[in-house]
Amino acid sequence: MLELRLVQGSLLKKVLDAIKDLVTDANFDCSESGFSLQAMDSSHVALVALLLRSDGFEHYRCDRNLSMGMNLTNMSKMLKCAGNDDIITIKADDGGDSVTFMFESPSQDKVSDFEMKLMDIDSEHLGIPETEYHAIVKMPSAEFARICRDLSTIGDTVVISVSKDGVKFSTSGDIGSANVVCRQNNSVDNKDNETVIEMNEPVSLTFALRYLNSFTKATTLSNTVTLSMSKELPVVVEYKIAEIGHIRFYLAPKIEDEEETQA
Amino acid sequence: MGIKGLTKLLADNAPSCMKETKFEGYFGRKIAIDASMSIYQFLIVVGRTGSDMLTNEAGDVTSHLQGMFTRTIRILEAGIKPVYVFDGKPPDLKKEELAKRYARRDDAAQGLVEAVEAGDQVDIEKFSKRTVKVTKQHNEDCRKLLRLMGVPVVEAPSEAEAECAALCKADKVFAVASEDMDSLTFGSPVFLRHLMEPVARKLPVMEFSTAKVLEGLELTMDQFIDMCILCGCDYCDSIKGIGPQSALKLIRQHGSLEQILENLNKSKYQIPENWNYKEARRLFKEPLVTPAEEMPELKWVAPDEEGLKKFLVDENGFNLERISKGIEKIKSAKNKSSQGRLESFFQLSAAPKRKEPDTKETPAQKKAKGKAAEKAKGKPGAKPGPKAGGRTKMK
């Protein structure tokens, strides 16, 4: 028996909007500790990892670990039927083949039940080691989204370079080139507008803008975004979800030199 | 060509071993391709109207070059890194099969002459397709073209299929692309079908996994090879009246070809004379291939623009503009193949649901052992068994 009651139902709607274009089908894993998902996009270049901790729910009951395969497009369609202020409850029976989303209006005068069929998904899990990153950049999420969008009008890829005094985004294409530098900036009055750089080592990596632009669909979830980078490792783009969890996107870099050894 | 009826057998009995995938999903992957088979296909389909084919000024056929050039560009554009493997000397056992093919080609040539006389367009096309033969010159042309395009070429000591599988086993390439189901029998871990199909046919790529084939059929690799021989392969005759379904059933029941021969109802099934299944099995199990440590490093380099123009435009009468465009495409494709894949950074851990492959004895083996013990005494050695065995030893 599974019953998860999320007062801020709009969060779930936003999460789905953020990932449904990247991943079509995914397994949601429920355990005592929380509601999570890990899935790769079809080309195996990007990965999304979602975690909603159990303590973030008003009511959280999960008798045994449950993995529910869902088609995210369909799930998103159903969640679209919930009002922005609605309380969303996710319900499922152990071993059942469907999941129910219940939407309650804040005034409790309207209750809707949406039942969705589950599917069997043969997903591949990646073990992601906890690593210490060479550089971590925290910046306003809207700013990051803006830069990615702007640069993609010029080129397909972006080079993100972190140095002591700032983070530089550069691209070039047929029509020309562009550089955007964001300097470290500690604003006293508004933490959300800060750009903070923690760096042990300068890092410079190249990524496909197409994916970054897809990640920035999560901008509505949080005012800030964190980019964690290490040499020759996928970047982690993380959005915190209001006190209850996070959504992390991993993106494999472009490898510049020809001397790769692995098949 | 290939193993008779294997695709259908797998679809029915081990559906999880194949999955439809997208052509674009293989970017950044190194893939070995059987060159001879591709060239043969190009000669059949590319630029053909009736019995006329694309030719240069001297009248030499250039369909293979056209096909190789455009198809390879398409692969490169998807970010895939192709390796073309050329056939070496065919194994002795295949000569019989090849002789049959020559005979068929001669028949077709005969038919073509008749069709031309009768002026029947449909027949002319049909027969002229059947007369297609890949010559040394065709192979040589394609090798030259590929080198100019910056694509690596591997010379197989014997069968290209086997060499492709060996490359894959040695982790030099991610998969083998072929239309020939032999690749599975050679034990290529990952095998792709329809990768080389023209875009127009819109066939999805089929990815086969040998491990899952064995899991699905509940056979060991040795048993799978025996089953393929029973189904009918290029190396020896098969037993009349035994199709793929019964081949699978027999192998599951008896465990090996030796056991099957011993138990088979000889009055019902005619076993070919001098049936050389042991040698065929050896060719599948230990084919002549380049040892893993001697395999050359595969390198993809920038195309030789001047060389390509000289070879294709000046020597073979291709359109300069089209070739220039093609070269541009090759250059820009370089960019795409540089995209990393997550699997190369993070370890793939099997999803919690998936079962561990069964390492225990399969039911077939158990049964085979039991039956063997039972029948070993009563029956005298089956006729073709020892004969075939004897011949193998002599070699």
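Helix α1 of chain A, spanning residues 9-19, is largely enclosed by the rest of the structure, because nine of its eleven residues are buried. The model described here is predicted.

- The buried residues of α1(A) are G9(A), S10(A), L11(A), L12(A), K13(A), V15(A), L16(A), A18(A) and I19(A).
- Across residues 1-125, chain A is 46% strand and 15% helix, and the end C-alpha atoms lie 25 Å apart.

**Nonpolar cores**
- The largest nonpolar core contains 87 residues, of which F169(A), L212(A) and I247(A) touch the most other members.
- At least three residues of this core come from each of domain 1 (2-117) and domain 2 (135-251) of chain A.
- Beyond its neighbours within four places in sequence, I247(A) has contacts that include V15(A), A18(A) and I19(A), as well as V48(A), A49(A), L50(A) and Y239(A).
- A second, separate core comprises 46 residues, among them M181(B), V213(B), I251(B) and L264(B).
- In soluble globular proteins, nonpolar side chains tend to be buried together.

**Helix packing in chain B**
- Helices α3 (residues 63-77) and α6 (residues 136-149) of chain B pack at about 35 degrees, and their axes are 10 Å apart.
- The crossing of α3(B) past α6(B) is right-handed.
- On the α3(B) side, the contact is made by H64(B), L65(B), M68(B), F69(B), T72(B) and I73(B).
- The α6(B) side contributes H138(B), D141(B), C142(B), L145(B), L146(B) and M149(B).

Definitions and conventions: Residues numbered from 1 in each chain as written. Chains lettered and ligands numbered in written order. Predicted model: local features only at pLDDT ≥ 70, side-chain atom pairs only at ≥ 80, totals over all residues. Heavy atoms only, no water. Helix = DSSP H or I, 4+ residues; strand = E, 2+ residues; numbered from the N terminus. Buried < 20%, exposed > 50% of the residue type's maximum accessible area, 1.4 Å probe, protein only. Core = buried A, V, L, I, M, F, W, Y, C linked by side-chain atoms within 4.5 Å. Domains from an automatic or database assignment. Contact = heavy atoms within 4.5 Å. Axes fitted to C-alpha atoms, helices over the stretch in contact; angles between N-to-C directions. Left-handed = near helix turned anticlockwise from the far one by under 90°.
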